[in-house]
Protein chains: 2
Amino acid sequence: MARTKLFDEALILDKAMNLFWEKGYNATSAQDLVDGLNISRSSLYDTFGDKHSLFVKALKRYRQERVDPVLNGLDSAGDVEQYIRDVFVAVKDEALNDACSKGCFMVNSAVEMAPVDPEIASIVHAIMIDTESAVAKAIEKGQKQGLFTTSHSAQSLARFIFNAINGLRVTVKFDTDKRMFDDIVDVSLAALKV
Amino acid sequence: MARTKLFDEALILDKAMNLFWEKGYNATSAQDLVDGLNISRSSLYDTFGDKHSLFVKALKRYRQERVDPVLNGLDSAGDVEQYIRDVFVAVKDEALNDACSKGCFMVNSAVEMAPVDPEIASIVHAIMIDTESAVAKAIEKGQKQGLFTTSHSAQSLARFIFNAINGLRVTVKFDTDKRMFDDIVDVSLAALKV
DNA sequence: AATAATACGGAACGAACGTTCCATTTAAAG
DNA sequence: CTTTAAATGGAACGTTCGTTCCGTATTATT
């Protein structure tokens, strides 16, 4: 029948995800994609549809590859407090090691696209909802173990923590001072205690 | 001599600030500016230079008009704790009332432009530095009055608070639930106490 | 009133945008 | 081996981008 693809579709999608993640939707041109993905224009459009469709696929893949594993890990974590701390530290390390300040693809997309693109807004919102409930569930567990304060509901604390992480994803963009991140992480985590 | 300008330059700059604030740099076209500012192309370029120069001017004006007044108010505030709470509430109210989810022009610019535009990165970084020190100064005052915890340095707490506000400016983009904001604000402010 | 400097509106620029089309190449199925 | 549907590379599409240019209108000065 037909010729087989010369490229691995999943691999290309990963590359597209990283391109959009780094430069955003508008600043990533079709030419950038052709160059960065190392496939031809026609293969790009035949395989992924137009630029917007590719972006949506990339954003969904980000969720699968980057968000869901963390949420699953949180669900099955033995030491909830340590796991949350690990997430913060991971964000911090990423900020300090990643030279190009990519931040978080979801946060970037929320800022650039959500206000003018309902489809992307919906994807971002879904990630937010699921993250909030996963964190809330974990915090509730921690509260029962006496690890966290019960002065606030698990949901309130979850929202607070998620907000702090989103803040870090912004801070990444204009600061790479290790002490800055240490301070923010320390106070944020301390807020969960008593 | 010459004809007088038919428009108020400061007023036009305000309009440009709001356009860029709402849509970002890349998504705001020269045509959008001509339409939105109600001046001709030539007047636009003669008065403000190219698009990038106009954006820089708009961002600097944002600082003058929106950031500095808050920092000055913080410096001269009688009740520091209440003032910080007021800032949070103002961010919340803006989020709930502003239909187009503009968020914060500085945060938006940090996410979209800072990684690829040194000039804008520098402006954003300066705002961040000055905000941090203004908040730290206020918190130090509050600590001496016994209002805030001394378990963390004033600088650490300032960084934490600023990070939380930046987080809110992201949350605005995909959530307009009042309770979401109330939870985040409550826990963030509680973290400053004991 | 004449002069001179500037603002203005609108046409036009080349470049880059996202997208489509087509001739060619490829390889699985018959 | 022939057939055939799909993958490919590259040219080309119309549109929009940011920007420039120019003829005209305007007004403070002489």
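Is Arg159(A) buried or exposed? In this predicted model, Arg159(A) is buried, because its relative accessible area of 9% falls under the 20% cut-off. The residue belongs to helix α8 of chain A, which spans residues 154-171. Leaving aside residues up to four places away in sequence, Arg159(A) touches Glu132(A) as well as Asp177(B), Arg179(B), Met180(B), Asp183(B) and Ile184(B).

Val124(A) sits in helix α7 of chain A, residues 118-144. With the neighbours up to four places away in sequence again left out, its contacts are Leu59(A), Met106(A), Ser109(A), Ala110(A) and Phe174(B). Between Val124(A) and Gln64(A) there are 13 Å in space, C-alpha to C-alpha, and 60 residues in sequence.

The two residues are set out below.

| Residue | Relative accessible area |
|---|---|
| Arg159(A) | 9% |

Helix packing in chain A comes next. Helix α1 (residues 9-23) of chain A packs against helix α4 (residues 51-75) of chain A at about 95°, and the axes are 9 Å apart. The angle makes α1(A) roughly perpendicular to α4(A). On the α1(A) side the contact is made by Ala10(A), Leu13(A), Asp14(A), Ala16(A), Met17(A), Phe20(A) and Trp21(A). On the α4(A) side the contributing residues are Lys51(A), Leu54(A), Phe55(A), Lys57(A), Ala58(A), Arg61(A), Tyr62(A), Glu65(A) and Arg66(A). Sorted by class, the contact of α1(A) with α4(A) holds 10 nonpolar and 6 charged residues, and no polar ones.

Key: Residues numbered from 1 in each chain as written. Chains lettered and ligands numbered in written order. Predicted model: local features only at pLDDT ≥ 70, side-chain atom pairs only at ≥ 80, totals over all residues. Heavy atoms only, no water. Helix = DSSP H or I, 4+ residues; strand = E, 2+ residues; numbered from the N terminus. Buried < 20%, exposed > 50% of the residue type's maximum accessible area, 1.4 Å probe, protein only. Contact = heavy atoms within 4.5 Å. Axes fitted to C-alpha atoms, helices over the stretch in contact; angles between N-to-C directions. Parallel < 35°, antiparallel > 145°, perpendicular 65-115°, else oblique. Nonpolar A, V, L, I, M, F, W, Y, C, P; charged D, E, K, R; others polar.
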